[in-house]
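This briefing covers annotated sites and helix packing in the structure shown below. The points are grouped by topic.

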Amino acid sequence: MGRKLDPTIKVKRGPGRKARKQKGAETELTKSVAISLLLSYYLHCQLLPIEKAARKQKKQTSVKPESDDDDDEEEEEEDDDEEKEDLKEDEDEEDTVQANFDETEQFKLPGAADRAKEGLLQMDLQTIHQRIRDNVDVLSHFTEKREEGKERSEYLSLLRSDLCTYYSYNEFLISKLMDLFPLSELIDFLEANEIQRPVTIRTNTLKTRRRDLAQALINRGVNLDPLGKWSKVGLVIYDSSVPIGATPEYLSGQYMLQGASSFLPVMALSPQEGESVLDMSAAPGGKTTYMAQLMRNTGMIVANDANADRLKSVVGNIHRLGVTNAVICNYDGRQFPKVMGGFDRVLLDAPCSGTGVISKDPGVKTSKDEADILRSAHLQKELILSAIDSVNADSPTGGYLVYCTCSIMVEENEWVVDYALKKRNVKLVPTGLDFGNEGFIRSEYVVCFFFHLLKRKFEKKKKKSSLVSEKVMSGTLKYFACHLPWKESD
């Protein structure tokens with residue numbers, strides 16, 4: 001049985017459904033009124049002085065009692081005069097605002113006290129970036145925008161300091177880059193070094209075709225595209241649901257993880273079937289295996305490297321990719337002509353400072369100094385002479401050397417080639433790569449991201465060397481290449 005309720009006991013109950021609904025509506029109305037009042041107040045605060053005066057005048061005219069027609073005409077005339085005055089004041093205010101804006105836009109160098117304060121307090125990177133842009137703009141239009149009494153060197157000194165702070169370079173490397181690039185291209189170069197490059201792979205045509213490989217990887221969830229019209233074997237990987245370096249296709253040797261720009265030295269060398277080719281600095285084996293597939297596993301490739309530990313990767317890649325025409329050796333490249341010679345073509349990917357691949361190795365920003373650059377240049381000069389001496393000048397099909405680096409320093413590129421041209425009977429020949437942008441010439445430096453092919457030709461009667469150069473940009477990963485053939489001295 002249920003519990004009986006005692007009618008004498010009065011139980012206090014809450015508001016009914018109708019009362020709650022009405023109370024909720026009142027609360028919402030109160031909120032909306034408060035919001036509208038706040039919004040109107042905010043809009044009123046945002047009005048210009050002339051707009052506030054016009055609104056006030058409108059309210060006053062609406063409160064005034066009606067008058068006769070003459071009074072109305074007089075009031076209209078007064079209103080017209082007031083509107084003209086207000087418009088004139090508005091124009092004066094706009095001119096003043098524009099003048100103030102122009103004054104604030106003018107870039108001024110910070111004083112010595114401000115610079116000292118910046119050294120103690122950490123500045124906002126956004127502020128530094130804006131100052132870099134303003135400084136570059138002034139330097140690009142120095143005559144019109146410079147501050148009175150300030151020299152160009154002062155602006156350059158501030159820019160150098162800001163670039164070191166913002167992009168985390170040491171002062172030596174930034175100074176070198178400022179000497180090499182125009183200011184607009186310098187900023188583009190520094191920004192490009194902050195962007196991670198997409199992964200690229202090279203199809204191993206000894207085992208598969210690019211179309212079949214692309215379809216197999218797409219089926220595994222890889223988003224890819226052909227690298228470009230200039231390459232028939234390259235693919236660029238945008239993203240992947242599987243590790244690119246651990247797919248069955250990779251393990252079976254159907255492709256090689258390799259940077260796009262490293263295709264170019266092999267394409268410039270263009271090894272032919274049945275030739276003997278030397279790769280003087282072969283590790284990790286990307287270029288060696290590319291040459292093998294171009295030669296279709298015919299002829300002979302000698303893959304040499306001075307570092308025995310790095311040769312392990314060469315051995316692994318050669319076995320994985322199915323290369324059968326390669327011999328691996330471990331000699332100092334500077335002494336290689338004493339070991340063997342007479343090669344139809346030689347590829348020298350010389351050790352360098354790596355200033356062209358900062359996006360891949362950001363440690364270069366602070367780890368390199370002038371001694372490192374000169375040390376690399378000295379080694380490269382020794383290696384290029386040894387590479388020339390390893391070439392067979394009488395080769396009926398070859399006699400070529402490709403010299404390449406991943407550096408943009410003049411000391412490691414143009415100076416080394418100039419040294420080879422003076423020390424050996426070689427000449428520069430076109431690369432055969434008809435794409436890319438030519439390098440630019442600035443001041444006393446010739447700065448290019450290009451390949452030079454030099455051919456040393458043996459001539460019994462005439463011993464002359466002609467100079468023909470072609471400059472090809474290889475994207476954001478830079479290579480410098482030269483082709484040199486060999487000739488015995490009398």
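Lys287 counts as buried, because its relative accessibility of 11% falls under the 20% cut-off. The model is a predicted one. Lys287 is found in helix α13, and an unreviewed UniProt entry lists Lys287 under "binding site".

**Annotated binding site**

- Under "binding site", the unreviewed UniProt entry lists Ser281, Ala282, Ala283, Pro284, Gly285, Gly286, Lys287, Asp305, Asp332 and Asp349.
- Gly286 lies in helix α13, which spans residues 286–294.
- Gly286 is buried, because its relative accessible area is 8% and the cut-off for burial is under 20%.
- Apart from neighbours within four places in sequence, Gly286 is in contact with Arg202, Met256 and Gln258.

**Annotated active site**

- The "active site" annotation in the unreviewed UniProt entry covers Cys406.
- Cys406 is found in the loop between β9 (400–404) and α18.
- With a relative accessible area of 17%, Cys406 is buried.

**Packing of α5 and α9**

- Two packed helices are described by the angle between their axes and the distance between the axes.
- Helix α5 (residues 125–140) and helix α9 (residues 183–192) have axes that come within 10 Å and cross at roughly 155 degrees.
- Angles over 145 degrees count as roughly antiparallel, and α5 and α9 are therefore roughly antiparallel to each other.
- On the α5 side the contact is made by His129, Ile132, Val136 and Leu139, and on the α9 side by Leu183, Ile187 and Glu191.
- Sorted by class, the contact of α5 with α9 has five nonpolar residues, one polar residue and one charged residue.

**Packing of α17 and α18**

- The axes of helix α17 (residues 370–389) and helix α18 (residues 414–423) come within 9 Å, crossing at roughly 40 degrees.
- The crossing in which α17 passes α18 is right-handed.
- From α17, the contact is made by Ala377, Gln380, Lys381, Ile384, Leu385 and Ile388; from α18, by Trp415, Val416, Tyr419, Ala420 and Lys423.
- By class, eight nonpolar, one polar and two charged residues form the contact of α17 with α18.

Terms used
Residues numbered from 1 in each chain as written. Predicted model: local features only at pLDDT ≥ 70, side-chain atom pairs only at ≥ 80, totals over all residues. Heavy atoms only, no water. UniProt positions renumbered as here; feature names shortened; annotations may be inferred. Helix = DSSP H or I, 4+ residues; strand = E, 2+ residues; numbered from the N terminus. Buried < 20%, exposed > 50% of the residue type's maximum accessible area, 1.4 Å probe, protein only. Contact = heavy atoms within 4.5 Å. Axes fitted to C-alpha atoms, helices over the stretch in contact; angles between N-to-C directions. Parallel < 35°, antiparallel > 145°, perpendicular 65-115°, else oblique. Nonpolar A, V, L, I, M, F, W, Y, C, P; charged D, E, K, R; others polar. Left-handed = near helix turned anticlockwise from the far one by under 90°.
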